[in-house]
Amino acid sequence: MTDRAAEDVLLELLNTTPVVRGSVSDALGTPAEGRAWARGHGGTGSDEEVAHLVAVRDALQDVVRGRRDPACLGGFLHGVSRLPVIEDGGLRWVLQVPDAHRLAVELVLTWAHVEEARPGRLKPCGNPECRRFLLDRSKPNSARWCSMAECGNRMKARRHYQRAKGPQA
C-alpha cells in the first residue's frame, strides 16, 4: 500500500464517527458494520480485529484532538516487529503482528509517519459541531475544514451572519 493510500485509510478510520442529522453515528458500531469496514480495508473482519480497531480509532481521535498524550498508542504496539526480507533483488520490511491486530497497528504506524513527515497536518475539522478529521495536503497548511462544501461554507456563513448582526446586538 502506498503512503497516500495508507493515509487515506487512516483518515477513513478517524472519520467513522461523524455527526449525522445532529447525532453521532459509528460506522464500526455494529458487528456487521465493523466486520465490513475491516474487510473493506484489508483486514480479516474478526470480532477481535474490530474491537482492536475501535480502541485504536478512539485513542487516535483523542490524540489528534489533543485530549490524550501520544504515548497512549504505545500499548497497541507491544510485541510488534518488522523483519527485513530480501526478494527479487530488493529489501522490504515485513510487519510481524497477529492478524487481528495488523490493520490497527498499520494505522498507528501510518499516524506516526504522518506526524513525523508532516507535523500538524492531521487535525480535527475547524467546525466545533463536526467530529471529522482532515489531512491538510495544501502547500500553506491552511485547510481548516473536513469539507469546504459542508463545514467550510457553514462556518463562513455563520461568521458572515455574526458580523452582519454584530453592531445591532
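E7 is buried, with a relative accessible area of 5%. Buried here means under 20% relative accessible area, exposed over 50%, and partly exposed in between (1.4 Å probe, protein chains only). The model is predicted: local features need pLDDT of at least 70, side-chain atom pairs count only at pLDDT 80 or more, and totals for chains, interfaces and linings use all residues. Residues are numbered from 1 along each chain as its sequence is written, and side-chain values use heavy atoms, with hydrogens and water left out.

The chain averages a pLDDT (the predictor's confidence in each residue, from 0 to 100) of 89. At least 70 is reached by 88% of the residues. Confidence is highest in helix α3 (residues 47–65), at a mean of 98, and lowest in helix α5 (residues 148–165), at 59. Helices (H or I, at least four residues) and strands (E, at least two) are DSSP runs, numbered from the N terminus.

The chain holds 10 salt bridges. A salt bridge is a side-chain nitrogen of Lys or Arg within 4 Å of a carboxyl oxygen of Asp or Glu. E7 pairs in this way with R137, at 3.2 Å from N to O. E7 lies in helix α1 and R137 in the loop between β6 (133–135) and α5, so the bridge ties together parts 130 residues apart in sequence. R137 is partly exposed, at 34% relative accessibility. E7 and R137 also belong to a salt-bridge network with D8 and R118.

A second bridge joins R57 and D26, with the closest N and O atoms 2.8 Å apart. R57 sits in helix α3 and D26 in the loop between β2 (23–24) and α2, 31 residues apart. R57 is buried, at 3% relative accessible area. D26 is partly exposed, at 28%.

D136 and K123 form another bridge, their closest N and O atoms 3.4 Å apart. D136 is in the loop between β6 and α5 and K123 in strand β5 (residues 122–124), so the contact ties parts 13 residues apart in sequence. Both residues, D136 and K123, are buried.

Helix α2 (residues 31–40) has buried residues at G34, W37 and A38. These cover an arc of only 95 degrees around the axis (taken from the directions from the helix axis to the C-beta atoms), which puts them on the same side of α2. An α-helix has 3.6 residues a turn, so residues three or four places apart point the same way. R39 and G40, on the other side of α2, are exposed. The buried residues of α2 are covered by elements including α1 (3–14), α3 and α4 (99–117), where contact means heavy atoms within 4.5 Å. Just after α2, G42 takes a positive phi of about 90 degrees.
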